[in-house]
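Thank you all for making time this morning.

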Amino acid sequence: MLNQDQYFNQEQYSEQLYEEDELLLSVKEAIRESGMPEVSIAPGYGRLLGMLVSLSRSASVLEIGALGGYSGICLARGLAPGGTMTSLELKPEYADMARRHLERAGFGGIAEYRTGPALDSLAGLQEEGRTFDFFFIDADKENYPNYLEYAIRLANPGAVIAGDNIFLRGRTLNEGKNGPAVQAMRRFNEMIASDSRLTSTLLPAYDGLALAMVK
């Protein structure tokens, strides 16, 4: 019988099958050196994002939360030639780093960055009549329900919505945890699962990923 030390963590096993992405590793190192939060999307989900953008033939992507550009590169890799990405980031210095990394990855010409509170940027996009084929939500957790509602409003038919960190490192599942971020994430998950405008599923690996398609 195997003891606990002999079991492979499922995520660790999966990642061992893939060669490390040197570009993305350099992005994570730059984030670490700058003192930014080390909360980029998990590598496995990064690969999934690129696949989903490609499979859905998305020509326009909206990213809510740029951080240092890790997820932006993953999303951009799935875009067909001529595709564009709009990225919303609260802090200008984070957006500047993300922009530099997208340029280094060869995607500098496709990305537009808007800084400031994401809800303000989303309201502006709605006023402009902008719509998108793919949404990635990975920003302040307390606004996840609001971000989801905006994504649905700004979605083209059949658009895909992805939301990261739905388990908040176990806090979402812990009945003893009821802070604002936890309550908002529970509400977001319930909305994803029950909204009649969506077809959805939740992926339990890493810190969880919600996926939905707008009907």
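Before I count anything, let me say that helices here are DSSP runs of H or I with at least four residues, and strands are runs of E with at least two, both numbered from the N terminus. What we have is a predicted model, and by that assignment the chain holds 8 helices and 7 strands.

On overall dimensions, the C-alpha trace spans about 60 × 40 × 35 Å along its principal axes. A compact globule of 215 residues would have a radius of gyration near 17 Å, and because the chain has 17 Å, the two agree. Buried residues account for 49% of the 215, and of the contacts between residues at least 6 apart in sequence, 69% join residues at least 24 apart.

As for the surface, the accessible area comes to about 11,100 Å², with 51% of that belonging to carbon and sulfur atoms. The chain carries 20 positive and 29 negative charges, whose mean positions lie 3 Å apart.

Now to strand β1, residues 60-64, where 5 of the 5 residues are buried. In a regular strand, side chains alternate between the two faces of the sheet. In β1 both faces are covered, with Ser60, Leu62 and Ile64 buried on one side and Val61 and Glu63 buried on the other.

Which strand pairs with β1 over 5 bridges? The partner is β2, residues 84-89, and the pairing runs in the parallel sense, with Ser60 standing opposite Thr84 of β2.

How values were computed. Residues are numbered from 1 along each chain as its sequence is written. This is a predicted model: local features need pLDDT of at least 70, side-chain atom pairs count only at pLDDT 80 or more; totals for chains, interfaces and linings use all residues. Side-chain values use heavy atoms; hydrogens and water are left out. The radius of gyration is taken over C-alpha atoms; the globule rule is 2.2 Å times the number of residues to the power 0.38. Buried means under 20% relative accessible area, exposed over 50%, partly exposed in between (1.4 Å probe, protein chains only). Contact means heavy atoms within 4.5 Å. Accessible areas come from the Shrake-Rupley method with a 1.4 Å probe; for residues, only the protein chains shown count as cover. Lys and Arg count as positive and Asp and Glu as negative; His and the chain ends are not counted. The place of a charge is taken as NZ of Lys, CZ of Arg, CG of Asp or CD of Glu. Two strands pair if DSSP finds at least two bridges between them.
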